[in-house]
Amino acid sequence: MKKVEIGTLVLESGKKIPHAELAYERRGPLDAPVLLICHALTGSQYAVGTDQEPGWWGGLIGRGRPVDTEKYQMITFNVIGGCYGSTGPQSMNPETSKPYRMDFPAITIRDMVHAERKALDKLGIGKIKAVIGGSLGGMQALEWGLLYPDDMEQIFVLASTPYYSDYGIAFNEIGIAAIENDPAWKNGHYRSSAEVKGLEIARMAGMVTYRSAALFKNRFGRAVKETKNGVSVFETASYLRYQGKKLSARFDANSYLYLLRAMNTHDIGVGRGGWKKAAARYKAEVFAYSFEHDLLFPPEEIETFARTVKHGEYFFIPTEYGHDGFLVEFEKWGHLITRALEKKDKILVGRS
């Protein structure tokens with residue numbers, strides 16, 4: 001695992017994280033244009049991964065892929081507050097010599113971006129060609145363009161809006177309540193996230209918003225997996241429970257809480273006179289992609305944003321996957337990113 005120490009990170013709240021570090025993945029020629037890849041809620045720095053263990057965007061990024069690692073250098077950081085090597089709730093608090101757990105300070109999307117900028121500086125990387133991210137990663141990409149407007153040429157925002165919706169906050173609250181009301185959580189002092197059933201429930205609630213009703217219908221069709229004591233166990237229910245257990249086996253419950261709350265804070269308009277005034281300040285080209293049936297980040301809001309940006313282009317991707325469309329079906333939209341990166345047939349919309 002590669003890590004870079006970024007020193008003391010001063011947060012939006014004014015609190016400080018001493019000796020902060022970010023874990024990262026770096027692929028491609030070191031002299032090639034740099035693409036910063038930002039991960040989603042339960043993602044990691046392993047966007048590319050390996051042939052044996054492909055990363056979460058392994059179908060999009062790699063040799064000969066739509067985003068080609070022979071043409072570009074890719075860097076992905078595990079966000080501050082994450083659980084894949086970066087400083088977060090699991091990390092040792094230097095002041096107490098014990099894990100932070102819930103003593104870790106609250107973080108925001110802007111804190112994540114400032115940490116990534118410091119990490120790039122430590123790696124000797126100044127300006128980059130583009131920032132690319134989906135969902136939570138898209139939130140980071142949006143903030144990158146405002147916090148460091150001269151640092152990139154292009155921004156790719158997938159399945160993300162200029163501010164997080166009340167609907168999204170509502171579902172996040174279900175996840176937060178499920179974890180915090182689980183007796184096994186013990187105010188963050190659990191032995192293993194696998195013991196925190198509330199994390200499983202939080203994931204189940206999330207999965208309902210990540211996929212579309214059409215996908216659930218076509219995939220499961222009210223099929224019954226088994227019957228226990230006269231009660232039908234539907235394939236849909238079995239699938240959700242499987243996803244919950246799968247996440248709790250690999251992700252830290254406390255990090256999940258911190259990242260959900262960070263998503264809730266997302267609003268590019270805060271301190272900038274509202275999101276429309278903020279959107280007018282982007283210097284980089286902004287390419288915004290929405291996905292059909294996305295409940296959390298509605299296509300119409302993404303389109304409105306793209307047409308408010310001075311140099312914006314909007315794409316609507318038809319899919320039954322809903323919000324999770326940015327993680328699959330690369331054959332439908334990967335070429336659009338290739339084209340934009342290569343600056344071919346680019347048509348700008350919005351204000352001139």
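# A guided tour of the predicted model

Begin with the open sheet, in which 8 strands follow the order 1-2-6-3-9-10-13-14 with mixed pairing. Strands pair if DSSP finds at least two bridges between them; helices (H or I, at least four residues) and strands (E, at least two) are DSSP runs, numbered from the N terminus. Select strand 1 (2-10) and strand 14 (312-317): they stand at the edges, each with a single partner strand, so one side of each is left without a neighbour in the sheet. From one strand to the next, the twist averages 20°. Angles here run from 0 to 180 degrees between N-to-C directions, and axes are lines fitted to C-alpha atoms, for helices over the stretch in contact.

Two remarks on the source apply throughout. This is a predicted model, in which local features need pLDDT of at least 70 and side-chain atom pairs count only at pLDDT 80 or more, while totals for chains, interfaces and linings use all residues. Residues are numbered from 1 along each chain as its sequence is written, and side-chain values use heavy atoms, with hydrogens and water left out.

Select strand 1 and strand 2 together; they pair in the antiparallel sense over 7 bridges. Leu 9 has Ile 17 of strand 2 as its bridge partner. Contact means heavy atoms within 4.5 Å.

## Strand 6

Next, select strand 6 (residues 73-77), where 5 of its 5 residues are buried. Buried means under 20% relative accessible area, exposed over 50%, and partly exposed in between (1.4 Å probe, protein chains only). In a regular strand the side chains alternate between the two faces of the sheet. Both faces of strand 6 are covered, with Gln 73, Ile 75 and Phe 77 on one side and Met 74 and Thr 76 on the other.

Which strands pair with strand 6? Strand 3 (residues 34-38) pairs with strand 6 in the parallel sense over 4 bridges; here Ile 37 has Thr 76 as its bridge partner.

## Ser 290

Move to strand 13 (residues 285-291) and select Ser 290. Is Ser 290 buried or exposed? Ser 290 is buried, with a relative accessible area of 0%. Leaving aside residues up to four places away in sequence, Ser 290 touches Pro 299, Ile 302, Tyr 314, Phe 315, Phe 316 and Ile 317. The C-alpha atoms of Ser 290 and Gly 325 are separated by 8.8 Å, although these residues are 35 residues apart along the chain.

## Aromatic rings

Now display the aromatic side chains; a search of the whole structure finds 20 aromatic pairs. Rings of Phe, Tyr and Trp (its six-membered ring) pair if their centres lie within 6.5 Å; planes under 30 degrees apart count as stacked, over 60 as edge-to-face and the rest as tilted. Trp 56 and Trp 57 form a tilted pair, 4.9 Å centre to centre with 35° between the planes, and both residues are buried. Another tilted pair joins Trp 144 and Tyr 148, at 5.3 Å centre to centre and 45° between the planes. Trp 144 and Tyr 148 are buried as well. To see a cluster linked by ring pairs, select Trp 56, Trp 57, Phe 291, Phe 330 and Trp 333.

## Helices 5 and 6

Select helix 5 (residues 213-220) and helix 6 (residues 235-248), whose axes come within 10 Å and cross at roughly 115°. That makes helix 5 roughly perpendicular to helix 6 (under 35 degrees is roughly parallel, over 145 roughly antiparallel, 65 to 115 roughly perpendicular and the rest oblique). Phe 216, Arg 219 and Phe 220 of helix 5 meet Glu 235, Thr 236, Tyr 239 and Leu 240 of helix 6.

## A hairpin and positive phi values

Finish with strand 11 (224-228) and strand 12 (residues 231-234), which run antiparallel and are joined by 4 bridges. Glu 226 has Val 233 of strand 12 as its bridge partner. The two strands form a hairpin with 2 residues between them, and Asn 229 in the turn has a positive phi of about 50°. Most residues other than glycine have a negative phi. Arg 222, in the loop between helix 5 and strand 11, has a positive phi near 60°. At 67% relative accessibility, Arg 222 counts as exposed.
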